[in-house]
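Colleague: I am new to this one. Can we go through it together, step by step?

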Amino acid sequence: VRQLGASDAWLGSLGAVSNVSSVVGYAAWRRVIERWGDSRTLKRIAPGAALFPILVGTLRALTPILVVAGLDGLIVTGVNLSHFNLYLKACPADRRPMFMGLYSTIMNVAAFVAPLIGVVAADRFGLSPTIIACGVCRALGGLAFRVWPARTDVGAE
């Protein structure tokens with residue numbers, strides 16, 4: 001925000017673009033997932049979630065970031081839907097509440113701790129290299145679904 005001189009109006013536009021693209025993405029991905037299936041969808045699009053941090057780390061203008069944010073909203077909704085569907089299928093039905101509680105706990109702890117780590121890394125290595133490194137981690141995580149496909153037979157009875 002400071003490095004690129006983003007105004008309050010631009011931040012509002014970013015929020016609007018992100019939210020609208022997410023709504024459109026959820027509507028569109030439902031149909032795609034019905035056609036491709038959860039696992040195939042996740043394998044194909046999860047690496048694409050890396051585009052946002054990598055491009056934001058390299059872009060030096062605000063308007064292209066809005067476009068990238070819209071694209072990210074479209075991609076990430078497909079990742080979220082397919083991943084969550086697979087997660088529910090993999091959880092044993094009788095222990096699903098425990099699994100969901102554990103999942104929520106881990107996600108919330110990560111949502112709290114990751115920005116703290118990011119600030120330390122940005123202070124040490126610079127903001128752009130840190131954001132790009134986070135994008136590379138996202139890409140590797142997305143590619144992991146190709147190497148180790150999600151198994152939904154784990155919780156089968």
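Colleague: Is Arg-96 buried, partly exposed or exposed?
Modeller: This is a predicted model, and the value is computed from it. Arg-96 has 29% relative accessibility. Buried means under 20% and exposed means over 50%. The value falls between these cut-offs, so Arg-96 counts as partly exposed.

Colleague: Which helix holds Arg-96, and which residues does Arg-96 contact beyond its neighbours within four places in sequence?
Modeller: Arg-96 sits in helix H5. Contact here means heavy atoms within 4.5 Å. With neighbours within four places set aside, the partners of Arg-96 are Leu-88 and Cys-91.

Colleague: What separates the C-alpha atoms of Arg-96 and Leu-143?
Modeller: Along the chain, Arg-96 and Leu-143 are 47 residues apart.

Colleague: Now Thr-77. Why does Thr-77 count as buried?
Modeller: Thr-77 is found in helix H4. The cut-off for buried is under 20% relative accessible area. Thr-77 counts as buried because its relative accessibility is 2%.

Colleague: Which residues are in contact with Thr-77, leaving aside its neighbours within four places in sequence?
Modeller: Contact again means heavy atoms within 4.5 Å. Leaving aside neighbours within four places, the contacts of Thr-77 are Ser-22, Gly-25, Tyr-26 and Trp-29.

Colleague: Let us turn to the pocket. Which element gives the most to the lining of the largest pocket?
Modeller: The largest pocket has a volume of about 710 Å³. Helices H4 (62-90), H5 (96-125) and H6 (127-147) each give two or more residues to its lining. With 8 residues, the element that gives the most is H4.

Colleague: Which residues lie nearest the centre of the largest pocket?
Modeller: The lining of the largest pocket has 23 residues. Nearest its centre lie Leu-42, Val-79, His-83, Tyr-103 and Phe-145.

Colleague: And the whole protein: how many helices and strands are there?
Modeller: Read along the sequence, the pattern is α-α-α-α-α-α. The C-alpha trace spans about 55 × 35 × 25 Å along its principal axes. The count is 6 helices and 0 strands.

Colleague: What share of the residues counts as buried?
Modeller: The protein has 157 residues. Its accessible surface comes to about 9,900 Å², with 67% belonging to carbon and sulfur atoms. The share of residues that counts as buried is 29%.

Colleague: Last one. How far apart lie the centres of the positive and negative side chains?
Modeller: There are 15 positive and 8 negative side chains in the protein. The centres of the two sets are separated by 7 Å.

Terms used. Residues are numbered from 1 along each chain as its sequence is written. This is a predicted model: local features need pLDDT of at least 70, side-chain atom pairs count only at pLDDT 80 or more; totals for chains, interfaces and linings use all residues. Side-chain values use heavy atoms; hydrogens and water are left out. Helices (H or I, at least four residues) and strands (E, at least two) are DSSP runs, numbered from the N terminus. Buried means under 20% relative accessible area, exposed over 50%, partly exposed in between (1.4 Å probe, protein chains only). Accessible areas come from the Shrake-Rupley method with a 1.4 Å probe; for residues, only the protein chains shown count as cover. Lys and Arg count as positive and Asp and Glu as negative; His and the chain ends are not counted. The place of a charge is taken as NZ of Lys, CZ of Arg, CG of Asp or CD of Glu. On a 1 Å grid over the protein atoms alone, a cavity is a set of points where a 1.4 Å probe fits but cannot get out, and a pocket is an open set with protein on both sides within 12 Å along at least five of seven lines; lining residues have an atom within 4 Å of a point. Grid points are joined across faces, edges and corners, and a volume is the space filled by probe spheres set on the points.
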